[in-house]
Amino acid sequence: QDLSENSNVSGEQNDSNDVEVDADWLNLFERYAEDASSERMQNLWGRILAGEIRRPGRFSLRTLRYISEISQKEANLFAKYSRFFVERFAPKSLIVSPDKKDISDLLLLEENGLIQGASGPGLSITRTVPPHGFIIFVDKNTAIGLKAEPGQELRFDVVILTDLGLQLLDLITDRDEVGCLTQIASGFRSENTTAAYIFPRQGDNVNLTPLQVLWLTDAEEPG
């Protein structure tokens, strides 16, 4: 299945000061947070509440229920694979072996409703290279820029995060963003891409002055 993606910038919505946290959400939150016995879970619920206050609707009722029931194994498994995702996409080549010999961990994440596209025929996205010549994938503070010929349509085979998975990713605080993006860029490399860079984010915009060169093909090497 091809999931066409035309937007090159995605990120957090603006904080909303005129929308209150839903009362039903607060009631459910309080019930789950009161049951948290470990310091780790208490801190997690604290981050969830802070995020919901900053942007009401950030965490769904389903996400609250899932977090209240998640096992340590499932949490560790999701954290393991989260480093391969930018926006909601992971290059399929990074997390699914070509022979699909052992995808039991990925199947568990699919069964939990966190990812799609690890099994079956798979998913893909298509992006058109804009006039500035970069396909952009945006993370929290930085972005990947894949250089290619403007006007080309590039297709990427991906595993995607569901809305639930995307909200869980938002709660991971110890992620090495640049290290993750370096790996992800290697997974998106193709015969139609000539270079990859790390760019800084400035608010909702991406500054196309590179912070770091990740790789160059011979065509891009300075002569």
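Reader: Let's begin with strand pairing: how many bridges join β3 to strand β6, and in which direction do the two run?

Author: This is a predicted model. In it, β3 and β6 (residues 153-161) run antiparallel, joined by six bridges.

Reader: Is β3 mostly covered or open?

Author: Mostly covered: of the six residues in β3 (123-128), five are buried.

Reader: And how should I read pockets?

Author: Rolling a probe the size of a water molecule over the atoms shows where empty space is left. Here, the second largest pocket has a volume of about 630 Å³. It is lined by 25 residues, and R40, M41, L44, R47 and A75 are the closest to its centre.

Reader: Which helix gives the most to that lining?

Author: Helix α2 does, with six residues. At least two residues each come from α2 (39-54), α3 (61-69) and α4 (72-82). By class, the lining has 13 nonpolar, eight polar and four charged residues.

Reader: What about salt bridges: how many does a search of the whole structure find?

Author: Eight. In one of them, the side chains of D163 and R88 meet at 2.8 Å, N to O. D163 lies in helix α7 (residues 163-169) and R88 in the loop between α4 and β1 (89-91), so this pair ties together parts 75 residues apart in sequence.

Reader: Is R88 buried, partly exposed or exposed?

Author: Its relative accessible area is 24%, so R88 is partly exposed.

Definitions and conventions. Residues numbered from 1 in each chain as written. Predicted model: local features only at pLDDT ≥ 70, side-chain atom pairs only at ≥ 80, totals over all residues. Heavy atoms only, no water. Buried < 20%, exposed > 50% of the residue type's maximum accessible area, 1.4 Å probe, protein only. Helix = DSSP H or I, 4+ residues; strand = E, 2+ residues; numbered from the N terminus. Pairing = 2+ DSSP bridges. 1 Å grid on protein atoms, 1.4 Å probe; cavity = no way out; pocket = protein on both sides within 12 Å on 5 of 7 lines; lining within 4 Å. Points joined across faces, edges and corners; volume = space filled by probe spheres on them. Nonpolar A, V, L, I, M, F, W, Y, C, P; charged D, E, K, R; others polar. Salt bridge = Lys/Arg side-chain N within 4 Å of Asp/Glu carboxyl O.
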